[in-house]
Amino acid sequence: MRAWPTLRLALAGILAGAVATFPFVATAETPDAALAKLIEDARAEASAPDTCAKPELDRLVRVFCDNRIRPGVREYYPLFGTREGQTRSGYDVDVARALARHLGVEPVFARVNAATRVPLLADDRIDVILATMGHNTQRDGQVRFIRPHYYQSETIIVGPRALPVKGWADIAGRTICVTIGNGSNAQIVSHNARLMLFDEAGVLPDQLREETCTLAAQDDSFFDYYFIEPDFAVRFDKKFGFAQVPWGMAVARTASADRLARALDLMSQIFHRDGVFLGIARANRVGTGFLERQRAVWNRPECNTDAGSTNPACVLPALDAALQPTPFAGRVAAIEDWIEARTGVDFSLPMFKTMPAWSLFKDGIVNSLILVAGALAATLLFAMVLGGLQSSRRFLLRWPARASTIVLQSSPVVLTLVIAAAVAQAIFPYSSAVAIGAAIVALGLMNGSNAGQAIAEAMHTLRTERGSVQGTGGIPTTELFGRAVSRSATQIVSFLINAAKGTPIASFIGAPELLSALTDITSFASGRATTYTLLLVFYVAVVVVVVWLCDRLRSWLEHRQAAA
Amino acid sequence: MMGLHIPSDFFRDLLEGMVVNFEIAAIALLIGLAFGGLLALGRLGGGAVGAFATTLIGLMRAAPTFVVMFFLLNIIPRDATLFGVGVSPSPLMIVALSLVPYSASYVADNGAESLKQLRAGSPLGALQFLPNVTRAFFVLVMSSSAGAAIGVTEGIAVILREAVLLPALGDKLVLFAIGILFFGATLQAGFALMRLLQRHLGRLAMRDQAIP
């Protein structure tokens with residue numbers, strides 16, 4: 001027991017020593033103090049003789065050596081980065097100016113776009129990216145993102161004010177105009193919407209105005225500019241938003257950029273806390289919801305410290321944009337490389353590389369084959385029914401069938417499909433199966449009515465040949481009808497082939513066949529050329545098989561007729 | 001349905017859209033005539049060229065128009081140039097080109113038959129090519145509605161953009177019926193023209209036979 005006071009003294013001594021050695025464990029610095037010290041140290045280093053001439057200079061020190069910082073900004077992104085002559089403006093541009101002012105150096109802007117911003121940073125031609133760049137896990141491996149994020153965007157669906165669209169439930173079966181490569185396309189596809197693809201976001205507002213697109217999806221930051229145009233704002237509104245993605249400034253992922261990154265982290269914290277970002281956003285008329293929420297966060301005591309930018313409770317995570325790869329993605333990539341190395345052709349098979357794409361692809365093939373089989377069966381069925389009715393001697397049976405045939409022949413294929421889909425959706429809630437079913441009925445009716453007409457004409461010739469005495473009670477006899485079917489074999493076969501060829505158009509009403517599936521895949525993956533070439537090969541092969549099968553059917557029918 | 005309101009400029013837009021349908025069909029038929037004519041000559045020539053032409057015609061017959069349209073849309077770069085001149089086709093041109101496999105194979109089939117008739121000494125039989133081409137033209141007009149899927153403002157696209165704002169099925173069906181009426185009248189007029197042409201050719205044939 002006498003040893004206990006000695007032990008207590010020893011423990012107190014160890015604790016006091018630890019606190020003296022690691023003062024930050026007990027006391028957190030403010031971000032302002034940490035930033036001031038960082039800047040002071042870097043300035044001191046920059047002013048030391050020969051420092052600025054050293055190779056591999058620390059990038060923060062170099063900023064002070066050169067008395068400039070080189071932000072990479074966009075020049076054609078309204079409200080965020082634009083340039084008219086020598087005048088640059090926008091939220092990103094003003095943030096860059098505020099950063100430079102805080103460091104006490106001049107901003108020297110460089111033009112970047114979505115494709116060049118990361119390579120220019122890697123080539124050390126800019127110091128920091130400030131160019132509407134979303135922070136996702138894929139980009140984390142390329143650049144060092146500054147935390148906290150300086151803005152956040154989301155994808156919004158925009159459409160005519162009169163259109164009652166409020167959420168995902170209202171977009172099933174509708175066409176939405178999107179840009180290729182937009183990360184949120186996969187999410188839109190998963191809600192049964194059809195996509196119309198465009199290369200550039202800049203065309204979307206015009207496509208909405210010209211009513212080519214009823215709905216368009218793009219970043220809210222992009223549409224902000226158009227919503228300040230009175231004409232646009234009167235006609236269109238935001239329906240709903242999704243896929244929020246934080247925007248990050250970014251520096252090079254090298255050790256020499258660590259202190260610059262740290263300085264920008266601290267400045268970003270301070271700018272949020274003091275409402276600097278918010279003020280710049282208001283001045284540039286961009287959305288401020290995110291910045292208002294962030295200001296509250298960075299004023300919280302646990303976040304307003306020099307360690308706040310690494311505190312998971314304060315900073316936002318990067319968007320997880322990585323799609324789950326298939327088990328055979330590696331082998332597919334090897335095949336692509338092998339083909340490219342030998343042929344020089346940029347060969348890409350995106351449908352085999354990620355699970356969502358693979359799943360869409362498999363379903364697309366199965367649905368296409370169901371559609372083809374269904375369209376063939378429906379064509380035959382409607383041909384028999386309409387052929388029989390048109391051959392009837394009863395006026396009340398014959399003329400409605402003839403009138404239906406004329407109407408079906410007069411309706412363009414797309415319109416017939418849309419009518420079938422509209423009626424189906426009025427009866428059943430929208431689903432892929434309903435879309436496929438509607439397409440089968442529409443294709444069957446269109447082609448079956450023509451084939452039915454051919455059967456009726458054959459029936460007429462048979463009756464003429466036989467002196468018009470066949471059949472009883474106005475209904476053609478089974479035997480005579482069978483012969484009429486055999487006689488019109490060529491026409492029936494031709495419309496069966498037509499039905500098979502017409503199945504891809506079912507994608508227009510949202511049937512998830514292969515064309516629809518591959519359009520969805522290419523909206524979020526690369527390899528459009530290869531993908532659509534494979535699609536063409538698939539459908540030509542399917543039609544060739546159908547032609548072969550139909551030729552067999554025709555031979556059988558003709559043989560039957562000859563035997564009769 | 002009682003409250004169906006069709007904007008005053010709808011019918012003007014619809015007619016303008018249908019002009020686009022005719023434009024697409026005319027382009028597709030012209031290219032089809034040139035390409036299909038060559039294929040017909042090639043097929044009749046026999047040998048390796050004939051076999052190649054026959055295979056190509058078969059493949060073109062099997063190619064679904066809608067898939068060809070998306071294939072062309074995605075395979076041709078937007079900034080494609082030839083000898084420094086931009087050759088990237090417009091969406092309208094893409095729809096027309098997607099109809100070329102159909103029109104060319106149709107022209108090749110009928111053209112070969114006409115050439116056979118001509119060689120057999122029946123110029124009037126060969127002239128049956130004209131009503132057949134007229135029929136193909138009107139089939140192309142109807143098929144050009146596929147352009148609505150890639151943002152071409154043709155007749156059906158005009159109807160669909162109006163229909164999407166109508167909540168009631170009844171109203172939509174009225175609008176669709178108007179579309180069928182307009183396209184149907186065009187088609188039936190086309191077929192009437194074709195019958196007139198056939199009758200005229202028939203009369204010519206009778207006159208030929210009457211001359212000793």
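## Chain A: overall form

Of the 564 residues in chain A, 47% count as buried, a residue being buried if 20 or more other C-beta atoms lie within 10 Å of its own, exposed if 12 or fewer, and partly exposed in between, with C-beta atoms placed from the backbone. The structure is a predicted model, in which local features need pLDDT of at least 70 and side-chain atom pairs count only at pLDDT 80 or more, while totals for chains, interfaces and linings use all residues. Residues are numbered from 1 along each chain as its sequence is written, and chains are lettered from A and ligands numbered from 1 in the order in which they are written.

The secondary structure of chain A comprises 23 helices and 15 strands; these are DSSP runs numbered from the N terminus, helices being H or I with at least four residues and strands being E with at least two. Along the principal axes, the C-alpha atoms of chain A fill a box of roughly 125 × 60 × 60 Å. The radius of gyration of chain A is 34 Å, whereas a compact globule of 564 residues would have one near 24 Å; the radius is taken over C-alpha atoms, and the globule rule is 2.2 Å times the number of residues to the power 0.38. Among contacts in chain A between residues at least 6 apart in sequence, 72% join residues at least 24 apart. Two residues are in contact if their C-beta atoms, placed from the backbone, lie within 7 Å.

## A five-stranded sheet in chain A

In chain A, 5 strands form an open sheet with mixed pairing, in the order β12-β11-β13-β10-β14. Two strands pair if DSSP finds at least two bridges between them. Strands β12 (194-198) and β14 (236-247) of chain A stand at the edges with a single partner strand each, so one side of each has no neighbour in the sheet. From one strand to the next, the twist averages 25°.

Helix α22 (residues 514-524) of chain A lies across β11 (175-179) and β12 of chain A, and runs at about 50° to β12(A). For such angles, axes are lines fitted to C-alpha atoms, for helices over the stretch in contact, and the angles run from 0 to 180 degrees between N-to-C directions.

## Strand β10 and its two partners

Strand β10 (residues 151-160) of chain A is joined to β14(A) by 9 bridges, and the two run antiparallel. β10(A) also pairs in the antiparallel sense with strand β13 (residues 215-219) of chain A, over 4 bridges. Because 8 of its 10 residues are buried, β10(A) is largely enclosed by the rest of the structure.

Individual residues illustrate this pairing. S153(A) has V245(A) as its bridge partner in β14(A). T155(A) has F242(A) as its bridge partner in β14(A), and T155(A) stands opposite D219(A) in β13(A).

Chain B contains 9 helices and 2 strands, which run α-α-α-β-β-α-α-α-α-α-α from the N terminus on. Its C-alpha trace spans about 65 × 50 × 30 Å along the principal axes. Of the 212 residues of chain B, 40% count as buried.

In total, 35 residues of chain B are in contact with 36 residues of chain A. On the side of chain B that touches chain A, the elements giving two or more residues are α2 (47-62), α3 (65-75), α7 (129-143), α8 (155-163) and α9 (169-210) of chain B. Helix α9(B) gives the most to this side, with 9 residues.
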